[in-house]
Amino acid sequence: MKLDRRGFLKFAAGGVVGTLATPIPWDLLDESAKFTDLWAPEPAKGPSSFVHSTCRLCPGGCGITLRLVEDKSGRDEWRGWHHKEFIQRRRLPAVPLRAVKIAGNPDHPVNRGGICPLGAAGLQLLYGTNRVTAPLKRTNPKGEGEAVWEKITWDEALNIVTGKLREIREAGNPHTVACILDNKKGLTAELIGRFFRAYGSSNVITMPSQEDVETVGLSLMQGTGGHLAYDLENSKYVLSFGAALLEGWGAPVHNMMVFGKWQEANEHTLVQIEPNCSITASKADKWLAVKPGAEAALALGMANVIVTEGLYDRSCIARCQGFEGFKALLESEYTPHKVSEITGIPANVIATTARAFAVTRPAVAVYGRGQGVMSGNLAEFMSIYSLNALVGSIGTKGGVVVQREVPFKAWPALATDAVAQQGLSQSRIDGEGGEIKHGVCMSHNLTAALKSGAVNALVVHEANPCYALPGAHKFEEAVAKVPFVLALTSCMNETARAADIILPVASYLERLEDVTSAARVPNASMSLTRPALANVPEARHPGDIFLTLARAMGGSVNSSLPWDNFEALLKEKVGGIFASRRGRIGDQEVAMLGSSDELWEGFNAGKCWYEEPVFGGGGLTFNPQGRTPHFEPVSWMKASREFPMLLVAYENINIANRRAVDTLPYLTKNIDDTVLQKHDLLVRVNPETAGRMRLVEGDAATVQCPTGRLSVRVHMDVGMMPDVIGIPLGLGHSNDDPFLTGKGVNAYEVLEPVADPVTGLAVWWGTRAKLIKA
Amino acid sequence: MSEHHEVASKEKYGMVIDLDKCTGCGACTVSCLSENNHYVREDESDKLRSVAWMKVYKVTNGEPFPNTKVAFIPRPCMHCDHHTPCVSVCPVMATDYNPLTGIVSQIYTRCIGCRYCVGACPYHARYFNWWDPVWPEGMHKLLNPDMSPRMRGVVEKCSFCNHRLQKAKDKAYVEGRRDLKDGEYVTACAEACPTRAITFGNMKDPESAVAKLIKSPGAFRLLEKLGTQPKVYYLSNESWIRESGDNALGRKKTARPA
């Protein structure tokens, strides 16, 4: 049979039709789908146990309960003939464990069982893909492309570090070594500070925080140190000047727990004062949309109403100084009408709010800006804080209190040799203040200090300044000029990538450490993070790393840090709590305990030591050192023709922005598509403003600032103040995290701080901007 | 298929979410993801591909600045009591209404992936696994042994943490009890909620917190007009939030997704 062209086509077409009529193609499709299915992994079963610990992913310090399961992943022994062996293995005392869940601890006084999204996702930090699993050494010179890392042993790494530190010290330059920490709370931070002082450097600098300006303000007005806290739970009228009370300010879960109670009791009023419609503003009883940066003026306008109408607390004012001058200033400068012009809030609203605030007791005025990393100037803090004196809420129940220190045993005297003394006599690289000398860290001056070559070695401990310092890209350039950079971190981040040596640090679920008094909560408290398991066996406790370094350094550094390990130090320190006989652990009075060991056992069972605040009427000085509360606009509040809009940063509880923890993968599911869409960050703009620029929802645009430009998309948000652009902090990472890298842009790059002339501290929360359609 | 109500049972589980307390933080979502072994895609910022059994919707009153307000509506599976839409359409009995507990189940190994239920659910509470679940190296260690991860090609949804009910019952049986106490069985989302906006429990127990809360004046359910009788109730004193629960979208200008 001869097959011609037509015959062939007929045969082929018939073949196709015929095959389709059989189940063959459908079966093949079905089979290939099944064949290529990876199926889901089957979680290995095993007995569960629970460990109480403490979260330290933010300054909130919630009690957490960790669920642990025997780790049999990757093995099959619990099936078939292996079953017997499995049963036997279960009886072995030391079994590898894996952690499967973090929940809130209902017995912890800070959070009472609640948890925030970041805390609940903590296991993704423990098992994160970008954990540093061994000490790493950079093999190519800095500034020449991507870093190439070589795994080295701990001995090698510590030898390099001690060699470097010793070399600098022997040259008589210990003050050219600087250390950056996230914050100075906790014994690890204190230990690191002590290490560097004994070494001869006072350059231990913390990342920027709202607490910086508060510390200066508090010492001026009340002559006291310590951390400012607000008794929100007992306050009947809360006037919040921009604090994101329900979105991560202070101790987030504690505040939300209090808010839940307020909603039930129905006798508390929350007034939120901030430019844009935030969640806190929506949930508040009243939202006053103040012009950005004019919060101080509004506070003074309210103070004017309270003072002129005689609604102030006379007994408290009797304990204050400088009231007459303050009163005169209010009457001449801050009448409701004048304030109305500055703030955009009608005069009658200012008056009615002020009256309600003054007659409802206890009432409290909360100073804040977002979650607590951004900061305004000293005058702003003083203006808002003064309101608390007018309503008699200084140191009272339902008012502001200064947290009591946890009564740890005091540190022994520091041993300093001649080199150390010479180093400590040098001034700090970040400066000591502005017109007022205060000694609070001023990390915004670091960029200049590093560029000037004043730093020979930089140690970064669990902080990420190359990403999260305002003006981050300039700091990153400056770090490249430092001859030796050491990063201690549990996860790879932007700063670690700029280092010469990276030391892997145990995560908070793998180490024993103290977590003291939750931020902004009036009670002093202390509970431990506990080493529940070791996912990265190579990672070490940062306290132990510095104690090892101290031993290697020898001399006065070693004699200043005589402890064998961090646990020994912690145990000794806890002895101080026992000796003070203050507070309770769990439901037991410390005074009723027999020995310090009993207290130590309590801590190691995951219990929390807790002390009620001591209330008592206090006062303040309205005009310390001739500084009065006043409204002082920041440079970027002035409209300019070139940059007609104001860019204002805001924070989102699902975008990690405090401390050196990045947004964990689970949280990326929670980030709204009005904030982040695929790889693009969306800025919030009022529809009217966007319309003027012919921008519609989702349009690509460029935010042009005096300090740089960012490529974004536009989200039209009716809750935004016209001519203001809202940008979220915490996106635009360039670390090696596949869930984060390249998503959005980093707002820190354009938010360059200005120095408050009085304190020298950084003022940063916005900048001038122009929105250009891309 | 879901008309099994006549079965004598002392249990019917339901949830009450106080929207005036909810701050939209998403702790419920993360707690659910962790409890129920969800994997995370690298492109979660593409919301069309994102799966979350407990999704928090944001709504706004639509008022212009400065009278704007936002609110949040966390949405688990509603575990509809009447003509449960997904159960009615499932051709293979992969999803079923349990007359003893009122919980609507999803049996992944039975599911053939036809996605009829996804279309039938008026609450968008069901998700189809278009891709293989992937955990990065080492991350599979956080998998909860009580819950099976879902494979590609099946539909999944909130189960009211049914495995927690089984565990609570096991515990009660060991202790010689047949009935659970209020609060003994709670879902992961209710356990996590920092403002205590979510309450979970047995609606048939008149002493339970949920039974009391669903009688509050501000209680409502989503899309009540469909008659599906969800067992998830919401509370709010704000009328615009209550209206947004009944598909006011389009009809009224006052509530819309933010």
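Chain A is split into five pieces by an automatic or database domain assignment: domain 1 (5–36), domain 2 (48–126), domain 3 (136–210 + 407–611), domain 4 (228–402) and domain 5 (635–773). This is a predicted model, where local features need pLDDT of at least 70 and side-chain atom pairs count only at pLDDT 80 or more, while totals for chains, interfaces and linings use all residues. Residues are numbered from 1 along each chain as its sequence is written, chains are lettered from A in the order in which they are written, and side-chain values use heavy atoms, leaving out hydrogens and water.

Now for domains 2 and 3 of chain A, whose C-alpha centres sit 28 Å apart. Contact (heavy atoms within 4.5 Å) links 26 residues of domain 2 with 23 residues of domain 3. Together the two bury about 1,900 Å², with carbon and sulfur atoms giving 67% of that; buried area here is the accessible area (1.4 Å probe) lost on putting two parts together, summed over both. On the domain 2 side, A:Thr54, A:Arg56 and A:Leu126 give up the most area to domain 3, together 34% of what that side buries.

A:Arg56 also turns up in a salt bridge with A:Glu462 (3.7 Å, N to O). The rule, a side-chain nitrogen of Lys or Arg within 4 Å of a carboxyl oxygen of Asp or Glu, finds 2 salt bridges across this interface. As for make-up, the residues of domain 2 that touch domain 3 divide into 15 nonpolar, 9 polar and 2 charged, with Ala, Val, Leu, Ile, Met, Phe, Trp, Tyr, Cys and Pro counted as nonpolar, Asp, Glu, Lys and Arg as charged, and the others, Gly among them, as polar.
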